[in-house]
Each structure stands twice: as structure tokens, then as C-alpha cells.
Amino acid sequence: MAKYVLAIDQGTTSSRAIIFDKAGSIISTGQLEHEQILPQAGWVEHDPKEIWDNTREAIGQALSKANITRHDIEAIGITNQRETAVVWDKNTGVPVYNAIVWQDTRTQAIVDRLAADGGVERFKQKVGLPLATYFSGTKIVWILENVEGARAKADAGDLLFGTTDSWVLWNLTGGIEGGVHATDVTNASRTMFMDLETLQWNDEILAIFDVPKSMLPEIKSSSEVYGIASGHSLLREVPIAGILGDQQAATFGQAAFDQGEAKNTYGTGNFLIFNTGTEIIHSKNGLLTTVGYKLGDAPVHYALEGSIAVTGSLVQWMRDQLGIIKNASEIEDLAKTVKDNGGAYFVPAFSGLFAPYWRSDARGALVGLTRYVNKGHIARAALEAIAYQTREVLDAVNADSGVPLTELKVDGGATANDLLMQFQADIIGVPVVRPVVAETTALGAAYAAGLAVGFWSGLDDLRANWQEDSRWEPSMDKDEADRLLRNWKKAVTKTLDWVDEDVR
């Protein structure tokens with residue numbers, strides 16, 4: 001039996017390949033960043049060809065660093081940025097347009113058009129999602145309506161759509177030479193097209209969006225053999241056996257398999273997922289209802305999710321657009337040069353506000369400024385913004401579930417920031433816990449793939465792998481935490497009603 005499982009983590013800023021052993025430990029990693037294409041305000045794109053090229057190179061890096069070959073890999077798992085839409089020609093394998101990224105807001109007019117009959121919650125009972133630019137459905141519509149020749153090709157059955165898991169899977173299994181066109185239930189649940197109860201594409205909603213069903217991938221479980229890597233791949237003949245959208249993968253990697261368990265991922269955005277078991281719970285507090293995971297023929301598990309658009313990407317923005325820091329890791333030291341935020345609050349509504357507000361008319365604001373405020377205060381305000389947004393989502397989860405969380409499991413790159421993690425514990429008032437393996441997104445995809453081929457025997461194996469690394473206990477006076485949160489909520493009100501017909 002092979003010794004390892006390889007996970008492909010196709011994320012918003014980079015594509016990675018990570019090799020795990022049976023204990024869930026990282027053996028090696030390959031990683032390449034891809035370009036963030038920003039054609040105009042509110043538009044965010046990626047080059048799908050660059051993503052695929054980088055994925056292949058990352059696989060080569062990981063195998064080389066571990067000094068192993070495909071014969072040592074038992075299975076491949078895929079995890080991905082969930083709502084980013086790729087549309088390509090099935091006959092040539094060439095995308096008809098760049099991938100439109102989940103953060104992109106160009107489809108607001110399409111959202112407004114669809115919401116004119118029934119409001120933004122028109123389809124929420126069936127799909128668990130409000131109408132918003134976030135999800136991939138409206139991105140497909142935009143491509144069909146704006147890319148020359150796309151509508152005719154789609155109607156002729158020549159175009160395929162997929163989130164980036166489907167794009168990677170199709171290419172990895174041969175592309176135009178018999179590539180598998182499939183996705184899993186977690187990614188399908190982020191399109192606005194999948195019925196949460198039947199786990200199938202909803203023909204009525206597709207007709208309203210005017211999207212041909214022939215474009216869509218086949219919906220599969222999160223853990224089964226979808227296909228075999230083609231002869232053109234370094235991983236040829238290895239089965240691809242797990243797919244989970246990135247936030248569901250992180251939840252799975254945190255071993256939050258059961259009802260009432262939750263995690264919060266600190267990545268480009270922040271995503272808090274609360275497992276509701278086999279029950280569909282429709283949020284009354286601005287959360288999404290989504291699929292948590294489905295293992296083969298076993299019952300599907302659902303979840304509530306609080307999606308925050310801009311957290312880690314705020315730090316990236318301060319590095320790339322403002323030049324305040326040279327590396328993302330420098331923000332902690334800069335923030336430590338001051339003892340508090342100096343009265344400054346940073347609301348990073350660059351793509352509007354996601355949960356729990358769902359206000360596409362919001363735009364970013366830095367408020368409370370005086371001449372006293374320096375770049376250290378701004379750095380601290382940026383980190384604090386991540387924690388405030390998480391607190392508001394956690395409040396919504398507690399209200400919907402009726403069972404307040406007693407601790408918050410965390411993962412993702414920003415959990416290495418001790419200042420942020422301590423402030424997070426202070427502002428939510430419960431302990432924050434980080435596992436030994438912080439790369440839980442890739443680990444979750446590896447787990448799903450390994451379960452499908454018997455590399456791990458069951459969920460108990462995976463629970464046994466989870467180990468606590470660090471814990472931050474709340475230490476701030478409650479009155480001070482309440483004061484900070486009150487001012488944050490006041491700052492949020494300054495970002496609303498910004499976008500209108502002549503401001504985009």
C-alpha cells in the first residue's frame with residue numbers, strides 16, 4: 001500500500017500541493033501564487049490556464065521535495081476557492097474568459113434583475129443562499145451575456161462550467177481526451193443552482209437564470225473515486241477520490257464531523273462553519289445554509305456558514321496597494337508599536353459586506369481618524385477588523401443554533417499572528433484553539449480522498465489525528481470589549497449606502 005495522500009489546494013491567491021502521511025502530518029509542499037487580475041473597480045479575475053499550469057508545477061515541487069513518485073501516493077484530494085467561475089470550451093479546453101473570482105461584484109445588475117421578482121431571498125428556501133454577487137450562478141450569466149459567441153456555444157452544448165475543483169479535475173483526468181466533468185455537493189451548493197434536499201441541479205432555477213444544464217458538472221459526493229489521473233500527469237494512474245470546497249475542507253480537517261461542532265478559517269476572507277448534522281437549518285440571522293460534506297452513500301451533513309469577504313486580503317492590500325508593509329507577517333510587529341487602535345476602525349467592505357449584513361452597496365471605510373493616528377494604529381485597526389467581523393458572525397451562529405459555542409477552533413495563515421488570536425479571544429469572550437496542523441483545508445481534502453480508498457478506515461482515525469497546538473484565553477475586561485464592539489458597529493454604518501447608479 002502507498003504511504004501518502006496528496007491534496008491539491010487551489011486557493012484564491014495560490015495553488016498548492018501538499019503531501020500528508022497517515023498521521024495527518026505534512027511531508028512536503030509545493031506552492032505557486034497566481035496573478036490577481038483587477039481590470040476595474042469591483043472586478044477580480046484569475047487566468048484559469050495559469051492556475052492549471054501552477055497546479056501541475058506545485059505537484060512536481062511536492063513530489064520532488066519529498067523525494068517520492070506517484071507510486072507512493074494512494075489518492076488525490078482537491079479543495080478549492082468555491083464560488084470562482086470558470087467557463088471553457090469542451091472541444092478545445094480553452095476558457096472563453098478569465099475565471100471570475102468569488103470577490104467580484106460586477107454582477108450586481110444581474111442580482112438586481114433576478115431579485116426584482118421575489119427579492120434577494122427568492123431562492124433561499126431551496127438553495128440556502130440569498131441572491132448575491134458572491135455566488136457563481138450570476139457569474140455564468142455574465143459570461144453568457146457579455147462574452148462574444150459564448151451564448152451560441154453554450155446553447156450548442158460546447159461550453160462547460162465549473163468552480164476551480166471541476167477545472168482541475170477535468171484537466172487532471174485528460175481534458176479534451178476524456179476529462180471527467182464533475183463536482184461535489186459542497187461546491188455545487190455554492191452556485192445557487194443545487195436543491196439542498198435533492199442534491200441535484202434545479203431545472204426551474206436554471207431556466208430563470210437562462211443557464212443551459214449541459215454546461216454543469218455532474219454532482220457527486222465529497223468522498224468517492226471520480227476518475228484516474230491521466231497519462232500526461234506526474235500522478236498518472238492515481239485515483240482522484242476527494243473533493244471539498246475550501247471552507248468545508250477546513251471543517252473536515254478540523255475533525256468537526258458532528259452536529260454542534262464548528263471552525264473558523266482565517267484566509268483571504270474568514271469563514272465560520274457550524275455543523276448542523278443531517279438537518280437543514282434556515283438562518284434568521286444572515287448566515288448561509290450550505291452542505292458540510294457527504295461521504296459516499298452516507299447521509300449528507302449540512303452547515304450554517306458565516307462568510308466574511310475581506311480579512312487576510314486586507315493585509316495583502318496594505319502590502320500591495322499601500323506599501324505600508326513589505327510582507328504580510330510584518331503587520332503584527334507594526335501593530336505592536338502601539339497599545340491600542342488610537343480610536344481608528346477599519347471596515348474592509350471592498351466587495352460589499354457579506355455575513356451577517358449582505359449589503360452589496362457598502363464600501364470600505366477607515367473612520368475615527370485624528371492626527372494622533374499613525375500607521376501602527378492603522379495596522380492594528382486592520383487586524384482588529386478581522387476579529388470584529390468574526391464576532392458578529394459568531395453572534396449570528398449562536399442565535400440560530402440556540403447553543404452558544406464554548407470555544408472556537410481556528411485555522412489558516414493568520415492564526416500564526418498571536419496578537420490577532422489574543423484579540424479574537426478577547427472580543428468573543430471564549431477560548432480560541434489552534435491545532436498542530438494549521439493547514440486544515442488541504443488536510444480535509446486529503447482525508448476525504450483517503451477515506452474513499454481505505455487509506456483511513458473511518459472518522460475515528462481522523463479524530464485521533466487532531467491535536468491542540470495553542471490556546472488563547474480571553475483576558476480583556478468585558479466592558480472594554482463591549483465598548484470596542486459598539487464603536488465597530490458604528491463604523492460599519494458609515495460604509496452603507498455608498499454604491500448607487502453613478503458610484504461603482
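Contact here means heavy atoms within 4.5 Å, and helices (H or I, at least four residues) and strands (E, at least two) are DSSP runs numbered from the N terminus. The model is predicted, so that local features need pLDDT of at least 70 and side-chain atom pairs count only at pLDDT 80 or more, whereas totals for chains, interfaces and linings use all residues. Residues are numbered from 1 along each chain as its sequence is written, and side-chain values use heavy atoms, with hydrogens and water left out.

**View 1. The packing of helix H2 with helix H4.** Ile110, Val111, Arg113 and Leu114 of H2 are in contact with Thr138, Val141, Trp142 and Glu145 of H4. These residues divide into 5 nonpolar, 1 polar and 2 charged, where Ala, Val, Leu, Ile, Met, Phe, Trp, Tyr, Cys and Pro count as nonpolar, Asp, Glu, Lys and Arg as charged, and the others, Gly among them, as polar. Helix H2 (residues 108-115) and helix H4 (residues 136-146) pack at an angle of about 110 degrees, and their axes are 9 Å apart. That makes H2 roughly perpendicular to H4, a class that covers 65 to 115 degrees, with angles under 35 degrees counted as roughly parallel, over 145 as roughly antiparallel and the rest as oblique. Axes are lines fitted to C-alpha atoms, for helices over the stretch in contact, and angles run from 0 to 180 degrees between N-to-C directions.

**View 2. The nonpolar cores.** A nonpolar core is a set of buried Ala, Val, Leu, Ile, Met, Phe, Trp, Tyr and Cys residues joined through side-chain atoms within 4.5 Å; buried means under 20% relative accessible area, exposed over 50%, and partly exposed in between (1.4 Å probe, protein chains only). The largest nonpolar core has 109 residues, of which Phe193, Phe209, Val211 and Met215 touch the most other members. Helix H12 (residues 375-401) gives the most to this core, with 13 residues. Residues up to four places away in sequence aside, Phe209 touches Leu114, Phe123, Leu131, Gly137, Thr138, Val141, Met192 and Phe193. A second, separate core of 33 residues includes Ile19, Trp52, Ile78 and Ala229.

**View 3. The sheet that contains strand S1.** An open sheet of 6 strands has the order S3-S2-S1-S5-S12-S11, with mixed pairing; two strands pair if DSSP finds at least two bridges between them. Strand S3 (26-33) and strand S11 (223-228) stand at the edges with a single partner strand each, so one side of each is left without a neighbour in the sheet. Neighbouring strands of this sheet are turned by 25 degrees against each other on average, direction ignored. Within strand S1 (residues 4-10), 7 of the 7 residues are buried, with Tyr4, Leu6, Ile8 and Gln10 on one side and Val5, Ala7 and Asp9 on the other. S1 runs parallel to strand S5 (residues 73-80), joined by 7 bridges, and Gln10 stands opposite Asn80 in S5. With strand S2 (residues 14-20), S1 pairs in the antiparallel sense over 6 bridges, and the two strands form a hairpin with 3 residues between them. Helix H1 (residues 48-66) lies across S1, S2, S3 and S5, and runs at about 150 degrees to S3.

**View 4. Helix H9 and the sheet of 7 strands.** The strands of this open sheet follow the order S15-S16-S14-S13-S19-S20-S21, and their pairing is mixed. Strand S15 (288-293) and strand S21 (468-472) are at the edges, each with a single partner strand, so one side of each is left without a neighbour in the sheet. Helix H9 (residues 246-253) lies across strands S13, S14, S15, S16 and S19, running at about 125 degrees to S13, and also lies across S5 and strand S12 (239-245), at about 100 degrees to S12. Because 8 of the 8 residues of H9 are buried, this helix is largely enclosed by the rest of the structure. Just after H9, Ala255 takes a positive phi of about 60 degrees.

**View 5. The surroundings of His377.** This residue lies in helix H12, and at 2% relative accessibility His377 counts as buried. Apart from neighbours within four places in sequence, His377 is in contact with Val338, Asp340, Asn341, Gly342 and Tyr372.
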